[in-house]
Structures are given as C-alpha cells and as structure tokens.
Amino acid sequence: MPLSPNFSASQNSGLPNVINLTDTSTGSDTSITKRRIYLLQANGQYLVPSGTTTNYIEWNITNVNTREPLSIQLNVLEKDAALSITVQWLTSSNVVIESKTTSYAFTAYSETFYYGLTQDQIANPLLVSATDWYENKMILRVEIDSANQAIIFASDIFSAQAALDRASYIIENSNYYF
Amino acid sequence: MASNSTVISLAEISQYLWNDTISKESVFFNGTIDPRKAIQLYMERKAFEYGVAQSLENIDGTNNYVYAMCGAKLKQANVILDNGFSGGDVIVGGGGFGVREYSKFPSAGQTSVVFQEAIGATILYASRGSLDVGAFITSGTPIGNQVLWDSATGILTVASTVPFVNDEFVRILVK
C-alpha cells in the first residue's frame, strides 16, 4: 500500500521551546529513506535549530519498513510562533515521494503565562476587581484565541503570528500590564 | 470535588446561563450582577482546560476556583449536564428543575411509542388523549390501563387490548 503522508505537531508547557513532530503516515514505501522538515515562518524565513545551515531539518529514517524513528524534537522556539510546517518523504537520491504541509499555532508560552495569571487570581481574588489587570488578561486571551482561530479557519500564519506577537508583547512587558 | 471534565462542562453551561441573566439584569435592574461574569467564566475555564491538558500545578485549586465561579447557576448547570439536553428543556420555575415533557402522535393500532429523548429517564406521568393512564410497570406485560415504561429504550407500551387510535395525543413527563 503506498504511503499516505501525515504528521502531527505539538508543544508542551514544560518545554515550550521544543516542537514535537510525529510521523502519523499510513501505508509504506521502502524507497523512502529520509524525511525533511521545513518550518516556514510568517516573515518568509525558515526556522531551523541553531547550527543548521540548510532551510530544512533532516529527520532520518533508520528502518524503511516502519519509518522509525517516528518522532523528533526540534528545539527552535524562543517565543510562540505560527508556522507552516512541511514534511517531505524522500528517496536516498533526494527525490520527493510525498509531501504534506500543515499550519500550526504554537501557543504554550502564552497559555502557560495565562495560566499563571489565573493562579495569581486564585491567590488574590480581588485581582478580578482590578479593571486594568483583568482587561489586560482578557486581551491576552483574545490574542491567543485569535491565533488559534486564524490557523483553524484559514491556515493564516500571518494573522496568527501577528496575534502571537501582540501576546508576546504583553508577556514581555507584564510589569506594566499586571 | 467534581472531576475536571465535569467542571469544564459546568463552566461552559454556566457561562451561557450567566450571559443570558446579565442581559436581563442590565435591562431590568441596571446591572446588579458583575457584567463580566460570563467573560470571567470563559477566561478561567480556558486556563483550567490548558492546565488539565498540560498537567500543570495546582489543578485542584483551579478546579475549585472555576467551580465556585459558576455560582448561582451551578444547580441549573448540573441539571442540564445530567440530562444532556439544552437549557430549553428545563422547565424553569415550574415542576422542578429537570422535569421534561414530551409528546407523540402514534398511528392507529400501535401499542408502543418511542420517546428517544427520554432514554434513561424516570417516568413521572403519562396521559393518552388527555386522560391519565393507570399504574406504571417497568417489566412484564401491561394489562388494562397499565403502561410499561422501559427507561433503557424510552419505549412506552400500553396493553394490547387498548391500542392507540390514530393521532392519539400521548404525553409524558420524565426526570
């Protein structure tokens, strides 16, 4: 059965700088011996780990039957980002057999900060009555949601990144906002 | 303590209940409730959902905080959550929360009616053509004006000797 290409991406609160990619393809094609990952940012630049000299990241295959390893961790994020991720499945002579592109909003930095604000609120319920404090939290929520919705509805990494940049600005200047 | 998933659902339900209440309060009482109540529920529920998904610290405290924030809508939210139906099925201020009414018009000769929406519910009352039925039984075969109620399937069965007439109005109350 030919390969039906697919992959998933995730980020978690403990290591928000890391993108976890998992090859979730079905079928098999033993002519495929390697994968490449392209992380396209909203500014048109490709995101790669430091020290990488290509636009792409190699995702080697050590077993052509199972395509293992099926997961890879990419230490690339310094803040939240909206990315258009392309994974290519190639032969040993670099012929692209399959390719799949999906957009993601990685929001763990913002979500974790936002969760921290709720913890502050639990410790000090009167914060809800502080109009500025709560409205700024609300703005942060809107930015996170907007980023996710731009991706879900339109795969729009530009709008999503703009929202995430506004969220990052709030977080970076949290002394003024909270 | 309610489970995390239950609290998330209760917060979602309470959010729209509060949202409705706030608009009425604003019209009639000039806003005696914090007008941000529904927004607060949304904001804290989102934080809670993320905390649950990422197993973050103090999830129990956040659970309690969001649960408490549901406030006066908690009881109604619990009823809606338990019944699995929208708030429109709750008879507010009459018959007690959670009592629901359904009706059907079976064809002539039928001896049973399916109330899909009442599956899993306890029957409180039934009538045929506006006349009360006899005793409810939950197993066996109904005789006379008895009716058999099968909660698992939502089927109301009358005795074979008294089948429904065409378009007979069959009404039930369940909880």
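Biologist: How do you know how many helices and strands chain A has?

Modeller: Helices are DSSP runs of H or I with at least four residues, and strands are runs of E with at least two, numbered from the N terminus. Chain A holds 4 helices and 7 strands, in the order β-β-β-β-β-β-β-α-α-α-α from the N terminus. This is a predicted model, in which local features need pLDDT of at least 70, side-chain atom pairs count only at pLDDT 80 or more, and totals for chains, interfaces and linings use all residues. Residues are numbered from 1 along each chain as its sequence is written, chains are lettered from A and ligands numbered from 1 in the order in which they are written, and side-chain values use heavy atoms, without hydrogens and water.

Biologist: What makes E1(A) and E2(A) a pair?

Modeller: Two strands pair if DSSP finds at least two bridges between them. E1(A) and E2(A), residues 18–23, are joined by 4 bridges, so they pair, and they run antiparallel. Ala9(A) has Leu21(A) of E2(A) as its bridge partner.

Biologist: What share of the contacts with a separation of 6 or more is between residues 24 or more positions apart?

Modeller: A contact means heavy atoms within 4.5 Å. The share in chain A is 62%.
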